[in-house]
Amino acid sequence: MSNHRILGCAAVLSASLFAAPVFSQLEEITVTATKRESTLQEVPVAVSVTDAQTIQQAQVLDILDLQTLVPSLRVTQLQSSGNTNFVIRGFGNGANNVGIEPSVGVFIDGVYRSRSAAAISDLTNIERVEVLRGPQSTLFGKNASAGVISVITALPDEELSGSLEAYAGNYGLVGLKGNVSIPLSDVAGLGLSVGSNQRDGYFDNLETGSEINVRDRWNVRAQLAITPQDNVSVRVIADYDELDEKCCGTNVLLPGPTAGVIRLLGADLVTDSPFGYSNYYDTDPVNKVENSGISVQIDYDFENSTLTSITSFRGVNRKENIDPDFTSASLLAGLISETDLNTFTQEFRLSSSAGESVDWLLGAFYFEEDVTYDSEAIWGSDARLYVDLLASIEGGTFPPVPGTLGFVEGQLAPFGVMPGDFFRAGTGAREFTGQDNQALSLFAQVDWYVSDRTTITLGANYTQDEKDAFTRQLNNDVFSALDFVDIGFQSALLGGATIPEATFISTNPCTDPPTAPCNSLLGFQQFQPLKQFVNFPNSVESGNTDDSDVTWTARLAFDLTDNVNMYVSASTGFKASSWNLSRDSRPFISDIPALESAGLTVPNLTTGTRFAAPEESTVYELGLKARFDKGAVNVAIFDQTLEGFQSNLFGGLGFNLTNAGEQSATGLELDASYYPVESLQLTFAGTFMDPVYDSFIDGLGPGTDLTGQKPASIHEQSIVTSATWSKDLAGGSSFFIRGEYLYESDAQVVDNIPASVASREVNVVNASFGLSTPGGWDFTVWGRNLTDDEYLISAFPATFQDGQFNGYPSQPATYGVTLRKYFD
């Protein structure tokens, strides 16, 4: 959609609303997007709000489900339950690579969750979820350069009350939820909530007979609310959740030449059904996550201001093991990892209380976290024969016969190679990585009420972020340690070649038939995924980054009428450097001379990146919010740019972490609700944008250029629409019927796989019917993705299988019933 069409649509819409009367029955929604309470229609920020009633009616169980209600939000679950990525307006990263914090900040009751694994538990006793679109660094500090998801849970009631919920559905779904509010005294109340969610898998492992993509998680939460005096409130929250699941199944999108070799081993893989929801794995995946924390919020009201303190301690432990080659062959004997995160945060805010001409807010946020991540990739029992057969084909023998590796081992005996060294089962690479992170943000914001209808807002944030990272690798993979260029060079010298001739021979790959003196060993480089590693920090690479930045917000808001307001704003965001804590972390090419001088290089060393530099975002926005007869409408036109976007592409066994020069998107967001009659609510929310890589050289490796191309996984059009009919019945009962439709236009899934192989278009239909009785009983029948729409969640180049691509299929149709009882 062009900028002229976007601006034209907004102009026509705003002109039709200026004189519209307010609809008195439209409920006001309270939000805290600016860290002070306001209504959704008054706050001059692009924010979507999903309240508790919508969450219940739509059967939204977690943040993953929330994307079906918010078109600007996309949530993807990748190779395991803990690898979940949040994206707003097409911007966001952080999945899989534990060194990367998300660009979308997730806050639950004001507490920052630094990794997605700490934010994926089921939603229980939720009051509302706010999705703030665009950079939010001024008030939310680090890692909010793309937006914020803020989850607010309900406070304990003043009276004894609660609810109990049970639900069941297809694929063996069984779930329980419960919460209770217990008044302890006139000034104290206790809230308890628990939840359990279990489901069989919808993806079959044809090798072991197990089901994959199962759900098995539970959570418990307690909060104590105390008001010791009229001007003081204290809220203490403790929570624990755990999951133990098998996730996630992947299908072959495009088989490569290696598929036939897999079958020659006596193993198998499904190559003809991208949405067959079945495959052959020699091991079942293991996903275990334990997440816990405690927070204390204290609010102290002075005569003209309020002091808020939020303190939190959180811990996350993840244990995972997957079949990395996604076949029944034992090429790699699992990909085992364990992650530990321990996080402390402290926030202080001092805000004015309803000033006549000026409101202000001052704050400080401190963050401290230590991360350890241990992983291993070990050759399995089929690896040697697999490579032996591929090498035989590489040498021109078909059908392939084993023996090539043994012959090469014999030829390389002068270089210390022993028979049976190559791809010996149990050899491989083990990494021990970690990171210590300290960050401090100081922020301030002022709202100046120039007149009854005009407000000027200015805000600034100074953030300083320091990280100390380390990686140590133990690598006993003999084959990947061989430098075939150097071996070819030495072999040429032994054969009598001069040094210039030997250099040409060693770097010249052989063709069939050979056209010149060549190095027949270069073809083996494709079988070296576990190349040698230089541990850091070392005398050349400090393992330290220390970044700082000032972000700002400037906004002019104007009430056109009592029911219509507009705003124009500009703001910036900041995300500090991210370290590549994967086995593909490599020295920068600029550090190689110093590493060589220090004697730190290892055989067959390759270059890459250790970390990605900071990313900085800027957004210019024009917004309109209106309440009118029988409804409301919010519009935002934005022009958002992200400089130094931290791209994190999976390459088979690790990640290529690098900075894109610049990525931008211009677009229109529309969020409207309409009541044609009092009992019928219609909603329409859409995001329409034109994303582009303004500059991205070497994005897919040296010599590549994505400049001018559309970034993958960003849909130009995303629409969510719903209709809810509610009706009161005789005797105090009521019912509702709700339908939802989610549409996302066709988009390439990932940058390093062609759109012809991996693209996605989404057309999802959800529906629910509910009945409530005066005795406090609710009964709901619901269904999600009822048309069984099939689309890809993500895709990746298959591990150690050149030319093959795999993808994660969407969840099929699910349906069930929910029974809820309220007590008071």
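These legends describe close-up views of a predicted model.

**View 1. A patch of negative charge on the surface.**
Five residues gather here: Glu-368, Asp-370, Asp-436, Asp-468 and Asp-546. Together they make a patch of negative charge on the surface. Look for Asp-436 in strand β23, which covers residues 428-449. Is Asp-436 buried or partly exposed? Its relative accessible area is 38%, so Asp-436 counts as partly exposed.

**View 2. A nonpolar patch on the surface.**
This patch is built from Trp-725, Leu-729, Ile-737, Phe-769, Leu-771, Trp-777, Phe-779, Val-781, Val-817 and Leu-819. Their accessible area together is about 820 Å². Which strands each supply at least two residues of the nonpolar patch? They are β37 (759-772), β38 (777-784) and β41 (814-823). Strand β38 gives the largest share, with three residues. Leu-729 sits in a loop, between β35 (717-728) and β36 (734-748). With a relative accessible area of 39%, Leu-729 is partly exposed.

Start at Thr-818, which lies in strand β41. Thr-818 has a relative accessible area of 1%, so it is buried. Now find Arg-199. Thr-818 and Arg-199 are 619 residues apart in sequence. In space, their C-alpha atoms are 15 Å apart. Arg-820 is also in strand β41. Its side chain meets that of Glu-165 in a salt bridge, at 2.9 Å from N to O. This pair links distant parts of the chain, 655 residues apart. Glu-165 belongs to strand β10, residues 161-169. Why does Arg-820 count as buried? Its relative accessibility is 4%, and buried means under 20%. Glu-165 is buried as well, with a relative accessible area of 9%.

**View 3. Salt bridges elsewhere in the chain.**
How many salt bridges does a search of the whole structure find? The search finds 27. One of them joins the side chains of Arg-424 and Asp-421, at 3.2 Å from N to O. Arg-424 counts as partly exposed, at 40% relative accessibility. Asp-421 is buried, with a relative accessible area of 15%. A second example pairs the side chains of Glu-740 and Arg-738, at 2.7 Å from N to O. Here both residues, Glu-740 and Arg-738, are buried. Salt bridges can also share partners, as they do in one network of Arg-89, Arg-133, Glu-621 and Glu-669.

The structure holds 29 aromatic pairs. One is formed by Phe-796 and Tyr-808. Their ring centres are 5.4 Å apart. The angle between the planes is 40°, and the pair is tilted. Phe-796 is in strand β39 (residues 792-797). Tyr-808 is in strand β40 (residues 805-809). Are Phe-796 and Tyr-808 buried or exposed? Both Phe-796 and Tyr-808 are buried. Ring pairs also build a cluster. Its members are Trp-379, Tyr-386, Phe-422, Phe-423, Phe-479, Phe-484, Phe-524, Phe-527 and Phe-800.

Methods: Residues numbered from 1 in each chain as written. Predicted model: local features only at pLDDT ≥ 70, side-chain atom pairs only at ≥ 80, totals over all residues. Heavy atoms only, no water. Patch = residues over 30% accessible without salt bridge, like charges linked within 9 Å, V, L, I, M, F, W, Y side chains within 5 Å. Areas by Shrake-Rupley, 256 points an atom, 1.4 Å probe, with all protein chains shown as cover. Salt bridge = Lys/Arg side-chain N within 4 Å of Asp/Glu carboxyl O. Lys, Arg positive; Asp, Glu negative; His and termini not counted. Charge placed at Lys NZ, Arg CZ, Asp CG, Glu CD. Helix = DSSP H or I, 4+ residues; strand = E, 2+ residues; numbered from the N terminus. Buried < 20%, exposed > 50% of the residue type's maximum accessible area, 1.4 Å probe, protein only. Phe/Tyr/Trp six-rings, centres within 6.5 Å; stacked < 30°, edge-to-face > 60°.
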